[in-house]
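I opened this entry to record what I looked up, item by item. The structure comes first, then my notes.

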Amino acid sequence: EEDIAGKLPLRGKKVLITAGPTYEAIDPVRFIGNHSSGKMGFAIAETAASLGASVVLVCGPTHLKLTHKSVERIDVTSAEEMFQVVKSQYPDTDIAIAAAAVADYRPSAVADQKIKKQAASLQINLEPTPDILKYMGEHKQNQFLVGFALETENEIENAKGKLSRKNLDLIVLNSLNDTGAGFKTETNKVTFITREGEILPQELKPKEAVAQDLFQLIQQKRYA
Ligand code: CTP
Ligand code: CA
């Protein structure tokens, strides 16, 4: 594609995106998951592609479909599978954006057979999953690294903590409290917080518009 009007500012850049929930198996028919729809991550992938980037979208279980044909989509189920794909895709990535709602814990053992309804109570022991974004922060070379944060209290402070702990360049704080923002909706109300400490609250807007704003900010910070 020719870039006569400079409309493809991310041409030649590789953008790696994680999206959707992860499912952590309990037994052959059951899992621990969450209500993430993947919409924010898919909007980011479509926007990156429309700006000329080569896009790899690693997504957990979702019914969403991509419209942009140039996005390479890699479907995974669990946090561990997402981690393996990210590890192999990360080294030559220019911009990495972690929009996935990765399960924090998984069953420490997966039952071989469907668990039968026998006992009066059932305990499932859980262990932590790999923190995929933290790994990317620890192995950062020249990547611009973006994370998301969902907080219900001390939002700004907690998001800033994640930004520094995970060695991010930018964190997108999601407000779950505002109506019209959240997991299944078409809109989002976010605050961008930069490594430099800027706090940039945004209006409630469609997830596509949030994605546009995000890349505008990334370009300002990295490719200006
Ligand atoms: N993340 C990840 N791998 C995990 C957990 C989270 O890559 N195992 C990423 C998410 O994609 C998101 C960011 O880390 O970009 C923050 O996720 P969040 O759940 O808000 O934070 P956690 O670090 O998991 O902390 P907590 O859930 O305790 O708030
Ligand atoms: Ca978490």
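**Strand pairing**

I looked up L173 and found that its bridge partner in β12 is T191. Strands here are DSSP runs of E of at least two residues, and helices are runs of H or I of at least four, both numbered from the N terminus. The model is predicted, so I note that local features need pLDDT of at least 70, side-chain atom pairs count only at pLDDT 80 or more, and totals for chains, interfaces and linings use all residues. Residues are numbered from 1 along each chain as its sequence is written, while chains are lettered from A and ligands numbered from 1 in the order in which they are written.

I then read the pairing of β10 (170–175) with β12 (190–194): it is antiparallel, over five bridges. Two strands count as paired if DSSP finds at least two bridges between them.

**The sheet**

I traced an open sheet of eight strands with mixed pairing, in the order β5-β4-β1-β6-β9-β10-β12-β13. Its edge strands, β5 (71–75) and β13 (199–201), each pair on one side only.

**Helices on the sheet**

I found α1 lying across β1 (14–19), β4 (54–59), β5 and β6 (95–98), at about 165° to β1. Angles run from 0 to 180 degrees between N-to-C directions, and axes are lines fitted to C-alpha atoms, for helices over the stretch in contact.

**α1 against α5**

I checked α1 (39–50) and α5 (207–222): their axes come within 8 Å and cross at roughly 55°. The two helices are therefore oblique to each other; that word covers angles left over after under 35 degrees (roughly parallel), over 145 (roughly antiparallel) and 65 to 115 (roughly perpendicular).

I listed K39, M40, A43, I44, T47 and A48 of α1 as meeting K207, E208, A211, Q212, L214 and F215 of α5. Contact requires C-beta atoms, placed from the backbone, within 7 Å. The residues of this contact divide into seven nonpolar, two polar and three charged.

**Ligand 1**

I counted 16 residues around ligand 1, the closest being A98, V102, I132, L133 and G147. The cut-off is a C-beta atom, placed from the backbone, within 6 Å. β9 gives the largest share of this shell, four residues.

How values were computed: Two residues are in contact if their C-beta atoms, placed from the backbone, lie within 7 Å. Ala, Val, Leu, Ile, Met, Phe, Trp, Tyr, Cys and Pro count as nonpolar, Asp, Glu, Lys and Arg as charged, and the others, Gly among them, as polar.
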